[in-house]
Amino acid sequence: MHAAVIVFPGSNCDRDLAVAFEAAGAKVTKVWHKDTDLPQGVDMIGIPGGFSFGDYLRCGAIAANSPICKSVAAHAERGGYVIGICNGFQVLTETGLLPGALLRNAGLKYICKTVALKVETSASPFTEGYNAGDTINIPIAHHDGNYFADDETIARLQGEDRVAFTYEDTPNGAKADIAGILSSNRRVLGMMPHPERAADAGHGGTDGQALFRALAGALAAV
C-alpha cells in the first residue's frame, strides 16, 4: 500500500497518521497542499486532523480549495481510497466527497477525550477488521464535530449501510449519533474520532489498529 498524507498549514496529526499507515505496512509520502499532483502509484489518501488554515471561515472550507484537493477528488472519483479524520472529515464534506456538514459541538466547547464507538458495519475496506456491533474506544479532539445532514440524507446513509461508526454516548450533538460515514462506493471514509491515536499500545490503546490493517489487507487483495 502506498499512502499519501496531505499536509495543510495547521495540520497537526499528519505524522500520527503516517506512523499508523507505516505500522500497517504502507509506504507513506507526505504531500503539501500546494502541490497539484499526487505521487505515482498512490493507493490511499489520508487527510489528517488539525486546524487547516486556522479553521477560519468554516472548518475545512479553505483547505478544500487547495490545489491538491482537485487531485484528491479525481482519485476518489476513479475509485481510489480516501480517509479523512477529524479536520480531514470536514475537508471531505467541504469538497463534496461526503454528504453533510460538521457543526459546532452542541455544548460549544472543545472536547478531548476517549469515547466508545459502535461499529455499525463491517462491510467496507476500513471496517472489515471489526464485527458489526463491536464497541471500540477511540480518542476525539474537536470543537466542530457535530455531524449534521437533512433527514433524507440520514435515512439514505442508514438505508445504504453507509454509517461506519456511531457514538455510544454522543459527546457533540451529532445527528443520529453519527461518528463516521462512507461514500456510496464505500471507498471514502470520513470520521471525527482519531483511530491513528489508538494504534499504539504505548499511547494508551490499540482499537484503531484494525482499521489500518484491514485497509492494507484490502488493498493487497486488489
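Which elements cover the buried residues of helix α2? Let's start there, and I'll come back to the rest of the fold. The cover includes β1 (2–7), β2 (27–32), β3 (44–47), β4 (81–85), α3 (87–95) and β11 (188–191).

Quick housekeeping first. What we have is a predicted model, where local features need pLDDT of at least 70, side-chain atom pairs count only at pLDDT 80 or more, and totals for chains, interfaces and linings use all residues. Residues are numbered from 1 along each chain as its sequence is written, and side-chain values use heavy atoms, with hydrogens and water left out.

A word on the names too: helices (H or I, at least four residues) and strands (E, at least two) are DSSP runs, numbered from the N terminus. When I say buried, I mean under 20% relative accessible area; exposed is over 50%, and partly exposed is in between, with a 1.4 Å probe and protein chains only.

Okay, α2 itself. This helix spans residues 68–77, and seven of its ten residues are buried. Those are I68, C69, S71, V72, A73, H75 and A76. After the helix comes G79, which has a positive phi, near 95°.

Now the strands on either side of α2. Together, β3, α2 and β4 make a right-handed β-α-β unit. Right-handed here means that, with the strands pointing away from the viewer, the path from the first strand over the helix to the second runs clockwise. Strand β3 is covered on both faces: M44 and G46 are buried on one side, I45 and I47 on the other.

What does β3 pair with? Pairing, by the way, needs at least two bridges found by DSSP between two strands. With β4, β3 pairs in the parallel sense over four bridges, and I45 has V82 as its bridge partner there. β1 and β3 also run parallel, joined by three bridges, with V5 standing opposite G46.

Zooming out, those strands belong to an open sheet of nine, in the order β2-β1-β3-β4-β11-β10-β9-β6-β7, with mixed pairing. At the edges sit β2 and β7 (135–142), each pairing on one side only. On average, neighbouring strands are turned by 20° against each other, direction ignored. Over at the β7 end, β6 (residues 111–119) joins β7 through eight bridges, and the two run antiparallel; A116 has N137 as its bridge partner.

One more helix: α3 lies across β3, β4, β10 (178–182) and β11, at about 120° to β4. Those angles run from 0 to 180 degrees between N-to-C directions, and axes are lines fitted to C-alpha atoms, for helices over the stretch in contact. Contact means heavy atoms within 4.5 Å.

Next, two loops. Leaving out residues up to four places away in sequence, H33 touches V7, F8, P9, F53, S66, P67 and I68. L57, in the loop between β3 and α2, is exposed, with a relative accessible area of 70%.

For C59, the nearest cysteine sulfur is that of C86, 8.7 Å away. For C69, the nearest is that of C59, at 15 Å. Both cysteines count as buried, C59 at 11% relative accessibility and C69 at 6%.

Conventions:
Disulfide = S-S within 2.5 Å.
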